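Hi everyone, thanks for coming. Please have a look at the sequence and the structure, and then I'll walk you through a few parts.

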Amino acid sequence: MLFDTHCHLSHPALNSRLPEVLAEAATQDVRRFLAPATGAEDWAAVAALGSAQIDIALGIHPWFVDGQPADALDKLAQYLHAHPKALVGEIGLDFHPNRRHHAAAQSACFEAQLQLAQSLQRPIVLHNLKADAACLAGIRRCGFTQGGFAHAFSGSLESAQAWLKLGFKIGIGSVLFKQNAQKLRRLATHLAWGDMVLETDAPFMPPTPDHPNQPCNTRRIAEIVAALRQSDWQTVAQHTTRNALMVVGRAA
Ligand SMILES: [Zn+2]
């Protein structure tokens, strides 16, 4: 069984045809999902998805920090109390040149959510783009020790070590569909079996530009990882699903 640890099932492109999306995933043996939220506007929709098959994460994504209502953090705390198995996510820092000017607001929001996650003992779903050092500094400042998923990890094998030591699993995903993804290929080849999880980031990062990405593509990612490691997709499934279950099992 494969676990897609990052798919935006509340996104209209997937939510409008969810039964079909899940049925297609099942044909590829993708049977567990983690649906992260992006902000207050989709907490209700994401929370409603929670089930034995779909884990959820509730939080404020760094892109949407500015548009949140003034009481968003209080509301988030209420939601997390009401959903004791929810992780906190998708949270983090995005220092892409187009987003960097929001760095101070992003950091404040990230650290407030880290403190909430620590107080409730929930793992996080981390969005970290060009912000490795700042994310690590925030985690240390907040004394955050619950670990989680390092979603769409884009660092080197060496920089992954810091995250692994903090209890994170490294998210390997749809960037592997790009032929020139050398750094991620190296990571997917050399990480220990116990260190990685799979994710599509559906409906984003489609393998072919004209169709939205779907959780069923977790199977294709598993096959690419298997080829890199001279293994088979079932072995990749066994390890990555076990790793993912360990993390979601830390909540509640
Ligand atoms: Zn995401």
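**The nonpolar core**

Let's start inside: the largest nonpolar core has 72 residues, and among these I170 and I172 touch the most other members. By nonpolar core I mean a set of buried Ala, Val, Leu, Ile, Met, Phe, Trp, Tyr and Cys residues joined through side-chain atoms within 4.5 Å. Buried stands for under 20% relative accessible area, exposed for over 50%, and partly exposed for in between, using a 1.4 Å probe and protein chains only. Helix α5, residues 103-120, gives this core its largest share, seven residues. Helices (H or I, at least four residues) and strands (E, at least two) are DSSP runs, numbered from the N terminus.

Before we go on, a word on where this comes from. This is a predicted model, in which local features need pLDDT of at least 70 and side-chain atom pairs count only at pLDDT 80 or more, while totals for chains, interfaces and linings use all residues. Residues are numbered from 1 along each chain as its sequence is written, and side-chain values use heavy atoms, with hydrogens and water left out.

Back to I172: leaving aside residues up to four places away in sequence, its contacts (heavy atoms within 4.5 Å) include L184, L187, M196 and I221. There is also a second, separate core of 11 residues, with F3, L34, A57 and A251 among them.

**The zinc ion**

Which residues coordinate the zinc ion? They are H6 and H8, each through NE2, and E90 through OE, at 2.1 to 2.2 Å. Donors here are N, O and S atoms within 2.8 Å of the metal (3.2 Å for Na, K and Ca); water is not among the atoms, so sites may look incomplete. H6 sits in the loop between β1 (2-4) and α1 (12-15), whereas E90 lies in strand β4 (residues 87-94), 84 residues apart. Both H6 and E90 are buried.

**Salt bridges**

The whole structure holds eight salt bridges, each being a side-chain nitrogen of Lys or Arg within 4 Å of a carboxyl oxygen of Asp or Glu. One of them joins D55 and R32, at 2.8 Å from N to O. D55 belongs to strand β3 (residues 54-58) and R32 to strand β2 (residues 30-36), 23 residues apart. D55 is buried, at 11% relative accessible area, and R32 is buried too, at 18%.

Another pairs E223 with R219, at 3.0 Å from N to O. These two are separated by about one helical turn, because they are four residues apart in helix α9 (residues 218-228).
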